[in-house]
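Let's take a walk through this protein together, one stop at a time. Have the sequence and the 3D view open, and follow along as we go.

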Amino acid sequence: MPVHTSQGTQGGRGRGFGLGLALVSALAFGGSGVAAKPLIEAGLDPLHVVWLRVAGAALVMLPLAWRHRDLVRLRPALLAGYGLFAVAGVQACYFAAISRIPVGVALLVEYLGPALVLGWVRFVQRRPVTRAALVGVVLAVGGLACVVEVWAGLGFDLIGLLLALGAACCQACYFVLSDQGSDAGDKAPDPLGIIAYGLLVGAVVLTVVARPWSMDWSLLSGTADMNGTPVAAFLLLSWIVLLATVLAYGTGVLSVRRLSPQVAGVVACLEAVIATVLAWVLLGEHLSAPQIIGGAVVLVGAFIAQSSTPVKAAAEPVAAGGLAATAAAGGPTGAAPSPDATEDELSTRGSAP
């Protein structure tokens with residue numbers, strides 16, 4: 001009996017730490033839009049900002065990539081998939097989507113990732129999911145619809161919607177790939193090594209898409225306006241690279257390892273809420289009553305989903321995690337993120353992503 005109590009306590013602590021990491025990741029991903037918007041308004045192309053973000057983070061993580069260079073030989077498919085989908089895919093699909101449909105609609109579709117991860121667990125891994133997980137997803141998506149005020153830009157563009165769905169799929173891949181090998185014990189691939197190579201691959205792919213050689217580099221030596229306050233463009237870029245990418249991806253992947261793709265994704269759904277609140281505080285952008293109510297609904301959905309999920313190390317194969325399924329970004333979002341989860345912050349009404 002004492003043994004079980006000790007294991008339960010350790011599991012609870014590990015899960016609590018994992019939830020803390022997921023919150024830090026959502027906060028870091030959510031701040032990318034606030035830092036990126038002044039740069040975009042100063043004249044930088046959004047895709048160039050994304051390239052600077054990923055390429056800068058890849059440069060910072062280069063020592064870790066060298067340290068874990070054996071991963072190239074041992075897990076080449078995982079590294080390529082992470083870079084293509086969790087880093088470059090989310091952002092490329094998202095920006096392509098918002099060029100055709102309203103950002104609120106694109107963001108809402110992208111955050112269907114939680115449902116996609118839940119579907120992966122139920123139909124691909126053939127593991128049961130709890131009713132609370134489904135309730136959490138429904139509440140989160142409904143709340144996000146209010147946060148981005150999706151009704152303000154209703155329209156139908158099949159290609160744009162498909163691109164946004166592609167971003168959702170890539171965002172779901174971020175959580176699924178982040179969990180790969182987590183049950184392999186000492187043989188599990190190092191999560192920071194995966195991030196380092198994922199960013200390198202993503203930087204190469206985005207170089208082709210963004211064509212940074214056409215960027216006006218002189219803008220980085222100037223200042224950008226943040227709600228009336230001039231801020232050095234280099235400081236904003238450092239924020240995006242170090243906090244909104246390196247820290248966001250790092251804590252995001254570590255949280256997935258301690259929780260599950262579903263639970264970590266639940267907290268990641270808070271990224272859009274955080275981005276909107278930060279834009280209100282730092283950029284002076286107004287929050288409407290539906291956005292405030294929607295943010296509260298997202299919090300409720302996240303709480304229901306994560307509180308009903310058993311500790312990941314439990315013997316039962318129940319994948320009750322719920323709403324936690326996704327989100328930046330990246331988003332990685334991300335990100336996060338989204339991963340993205342990254343640009344998701346730029347796209348919230350208060351950010352841009």
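In this predicted model, strand β1, covering residues 223–226, pairs with strand β2, covering residues 229–232. The two run in the antiparallel sense, and 4 bridges join them. To find your place in the pairing, look for threonine 223, which stands opposite alanine 232 in β2.

Now follow the chain from β1 around into β2. The hairpin has 2 residues between its strands, and asparagine 227 lies in this loop. Its backbone deserves a look: phi of asparagine 227 is near 55 degrees, a positive value in a residue other than glycine. Is asparagine 227 buried, partly exposed or exposed? It counts as partly exposed because its relative accessible area is 48%, and the exposed class begins over 50%.

Let's step back for a view of the whole chain. Its secondary structure comes to 16 helices and 2 strands. Of the 353 residues in the chain, 55% are buried. The accessible surface amounts to about 14,600 Å², and carbon and sulfur atoms account for 69% of that area.

Some of that surface is worth a visit. Val24, Val60, Leu242, Leu243 and Leu247 form a nonpolar patch there, with about 370 Å² of accessible area together. Which element gives the patch its largest share? That is helix α12, residues 233–258, which contributes 3 residues. Leucine 243 is found in helix α12, and it counts as partly exposed because its relative accessibility is 42%.

Leucine 107 is found in helix α7, which spans residues 103–110. With 1% relative accessibility, leucine 107 counts as buried, because the cut-off for that class is under 20%. Tyrosine 94 is 13 residues away from leucine 107 along the chain, and the C-alpha atoms of the two are separated by 8.0 Å.

Take cysteine 169 as an example. The closest cysteine sulfur to its own belongs to cysteine 170, and the two are 6.9 Å apart, so they are too far for a bond. A disulfide would need the sulfur atoms within 2.5 Å. Cysteine 173 is in no disulfide either, as its nearest cysteine sulfur, that of cysteine 170, is 5.9 Å away. Both cysteine 169, with a relative accessible area of 35%, and cysteine 173, at 26% relative accessibility, count as partly exposed.

How values were computed
Residues are numbered from 1 along each chain as its sequence is written. This is a predicted model: local features need pLDDT of at least 70, side-chain atom pairs count only at pLDDT 80 or more; totals for chains, interfaces and linings use all residues. Side-chain values use heavy atoms; hydrogens and water are left out. Patches are made of residues with over 30% relative accessible area and no salt bridge: like charges are joined within 9 Å, nonpolar side chains (Val, Leu, Ile, Met, Phe, Trp, Tyr) within 5 Å. Accessible areas come from the Shrake-Rupley method with a 1.4 Å probe; for residues, only the protein chains shown count as cover. A salt bridge is a side-chain nitrogen of Lys or Arg within 4 Å of a carboxyl oxygen of Asp or Glu. Buried means under 20% relative accessible area, exposed over 50%, partly exposed in between (1.4 Å probe, protein chains only). Two strands pair if DSSP finds at least two bridges between them.
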